[in-house]
Amino acid sequence: MKDELISSVASILNEWNPLGDKASAMNDLEGYKYEAIDILSTIKIKRVSAEVAISQVLTQAFGISLDSGGPHSLDSSGMK
């Protein structure tokens with residue numbers, strides 16, 4: 001997996017910051033780098049959409065629900 005792609009996805013996650021204020025309390029977050037790797041791997045291995053991969057990874061990693069209408073919900077562009 002290319003470092004540039006991982007960095008790009010991690011940057012988007014960092015800007016979106018789905019953890020909100022809780023992100024500063026996470027010691028091993030590393031700018032969402034590992035979540036970016038997991039999202040890209042999920043897309044490639046499971047052949048699912050970015051929306052599905054993001055939802056699965058963030059739910060598993062942080063217990064966040066990305067249901068529509070919530071504070072971290074995804075719209076059709078992949079971000080709220």
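Does asparagine 17 count as buried, exposed or partly exposed, and at what relative accessibility?

Solution. Start with the cut-offs: buried means under 20% relative accessible area, exposed over 50%, and partly exposed in between (1.4 Å probe, protein chains only). Asparagine 17 has 24% relative accessibility, so it counts as partly exposed.

Before going on, some ground rules. This is a predicted model, where local features need pLDDT of at least 70, side-chain atom pairs count only at pLDDT 80 or more, and totals for chains, interfaces and linings use all residues. Residues are numbered from 1 along each chain as its sequence is written, and side-chain values use heavy atoms, with hydrogens and water left out.

**Exercise 1: the overall layout**

Work out the order of the elements along the protein.

Solution. 
- Step one, count: there are three helices and zero strands, taken as DSSP runs (H or I, at least four residues, for helices; E, at least two, for strands) numbered from the N terminus.
- Step two, order: from the N terminus on, the pattern is α-α-α.
- Step three, burial: of the 80 residues in the protein, 31% are buried.
- Step four, contacts, meaning heavy atoms within 4.5 Å: take those with a separation of 6 or more, and 38% of them join residues 24 or more positions apart.

**Exercise 2: how H1 meets H2**

Describe the packing of H1 against H2.

Solution. 
- Step one: the two helices pack at an angle of about 115°, with their axes 8 Å apart. Axes here are lines fitted to C-alpha atoms, for helices over the stretch in contact, and angles run from 0 to 180 degrees between N-to-C directions.
- Step two: angles under 35 degrees count as roughly parallel, over 145 as roughly antiparallel, 65 to 115 as roughly perpendicular and the rest as oblique. H1 and H2 are therefore roughly perpendicular to each other.
- Step three: Leu5, Ile6, Val9, Ala10 and Leu13 in H1 do the meeting, and their partners in H2 are Lys33, Glu35, Ala36, Ile37, Ile39 and Leu40.

**Exercise 3: H3 and its neighbours**

Find the buried face of H3 and give the angle at which H3 crosses H2.

Solution. 
- Step one: H3 has 13 residues and reaches 17 Å from its first C-alpha to its last, close to the 18 Å expected.
- Step two: Ala53, Ile54, Val57 and Leu58 are buried in H3. Looking down the axis of H3, they fall within an arc of 115°, so they line one face of the helix.
- Step three: H1 and H2 are among what covers them.
- Step four: the axes of H2 and H3 come within 9 Å and cross at roughly 130°, so these helices are oblique to each other.
- Step five: residues of H2 in this contact include Ile39, Thr42 and Ile43, and those of H3 include Ala53, Ile54 and Val57.

**Exercise 4: positive phi**

Solution. 
- Step one, the rule: most residues other than glycine have a negative phi.
- Step two: the residue is tyrosine 32, which is not a glycine and lies in the loop between H1 and H2. At 0% relative accessibility, tyrosine 32 counts as buried.
- Step four: asparagine 17 touches Ala23 and Tyr32, leaving aside residues up to four places away in sequence. Asparagine 17 and tyrosine 32 are 15 residues apart in sequence and 8.7 Å apart in space, C-alpha to C-alpha.
- Step five: glycine 63, which follows H3, has a positive phi near 70°.

Conventions
Expected span 1.5 Å × (residues − 1). Arc of directions from axis to C-beta.
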